Amino acid sequence: MKTSELKRILKKGGCYKIREGGNHEVWYSPKTGKQFTVDRHDSKEIATGTANRILKDAGLK
């Protein structure tokens, strides 16, 4: 899964970006109340385990 696809899923799920850093963005999920980081490079592939962890933290999996 590409980072851009993951961000699209997160936005549909109600998550939003809090701030940006050098290589990562910090996102927030109102469903779980958790903050989590997502890679900034949209065309880069994300490892399956990492994508699943982000979706779990967001309450979407």
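Does isoleucine 46 count as buried or exposed, and what is its relative accessibility? Once that is settled, please walk me through the loop that holds isoleucine 46 and on into helix 2.

Reply: Happy to. Please keep in mind that this is a predicted model.

Isoleucine 46 counts as buried, because its relative accessibility is 13%, and the cut-off for buried is under 20%. Its place is the loop between strand 3 and helix 2. Setting aside neighbours within four places in sequence, isoleucine 46 is in contact with Met1, Thr3, Leu6 and Ala51. Thr3 and Leu6 are among the buried residues of helix 1, while Ala51 is one of the buried residues of helix 2.

From serine 43 to methionine 1 the C-alpha distance is 9.5 Å, for a sequence separation of 42 residues. Aspartate 42 belongs to this loop as well. With a relative accessible area of 38%, aspartate 42 is partly exposed. Its contacts, leaving aside neighbours within four places in sequence, are Lys2, Thr3, Ser4 and Lys7. For aspartate 42 and lysine 2, 40 residues apart in sequence, the C-alpha atoms lie 6.6 Å from each other.

Now on to helix 2, which covers residues 48-57. Its buried residues are Ala51, Ile54, Leu55 and Asp57. Viewed down the axis of helix 2, these buried residues fall within an arc of 165°, so they line one face of the helix. On the face of helix 2 turned away from the buried side are the exposed residues Thr48 and Lys56. The buried residues pack against helix 1 (3-12), strand 2 (24-29) and strand 3 (34-39). Just after helix 2, glycine 59 takes a positive phi of about 80°.

Helix 1 deserves a look from its own side. Thr3, Leu6, Lys7 and Leu10 are its buried residues. Down the axis of helix 1 they fall within an arc of 100°, so here too the buried residues line one face of the helix. Arg8 and Lys12 are exposed on the face turned away from that buried side. Strand 2, strand 3 and helix 2 are included in what covers the buried residues of helix 1. Just after helix 1 comes glycine 14, with a positive phi of about 95°.

How do the two helices meet? Their axes come within 11 Å and cross at roughly 15°. With angles under 35 degrees counting as roughly parallel, that makes helix 1 roughly parallel to helix 2. The crossing of helix 1 past helix 2 is right-handed. On the helix 1 side, Leu6, Ile9 and Leu10 meet Ala51, Ile54 and Leu55 of helix 2.

These pieces come together in the largest nonpolar core, which has 11 residues in all: Leu6, Leu10, Cys15, Trp27, Phe36, Val38, Ile46, Ala51, Ile54, Leu55 and Ala58. Helix 1, strand 3 and helix 2 each supply at least two of its residues, and helix 2 gives the most, with 3. Isoleucine 46 is a member of this core, although its place is in a loop.

Leaving aside neighbours within four places in sequence, leucine 10 is in contact with Cys15, Trp27, Phe36, Val38, Ile54, Leu55, Ala58 and Leu60. Cys15, which is part of the core, is also among the contacts of proline 30, along with Gly14 and Tyr16, again leaving aside neighbours within four places in sequence. Proline 30 itself is found in another loop, between strand 2 and strand 3.

Notes
Residues are numbered from 1 along each chain as its sequence is written. This is a predicted model: local features need pLDDT of at least 70, side-chain atom pairs count only at pLDDT 80 or more; totals for chains, interfaces and linings use all residues. Side-chain values use heavy atoms; hydrogens and water are left out. Buried means under 20% relative accessible area, exposed over 50%, partly exposed in between (1.4 Å probe, protein chains only). Helices (H or I, at least four residues) and strands (E, at least two) are DSSP runs, numbered from the N terminus. The arc is that of the directions from the helix axis to the C-beta atoms. Contact means heavy atoms within 4.5 Å. A nonpolar core is a set of buried Ala, Val, Leu, Ile, Met, Phe, Trp, Tyr and Cys residues joined through side-chain atoms within 4.5 Å. Axes are lines fitted to C-alpha atoms, for helices over the stretch in contact, and angles run from 0 to 180 degrees between N-to-C directions. Angles under 35 degrees count as roughly parallel, over 145 as roughly antiparallel, 65 to 115 as roughly perpendicular and the rest as oblique. A crossing is left-handed if the near helix is turned anticlockwise from the far one by less than a right angle, and right-handed if clockwise.
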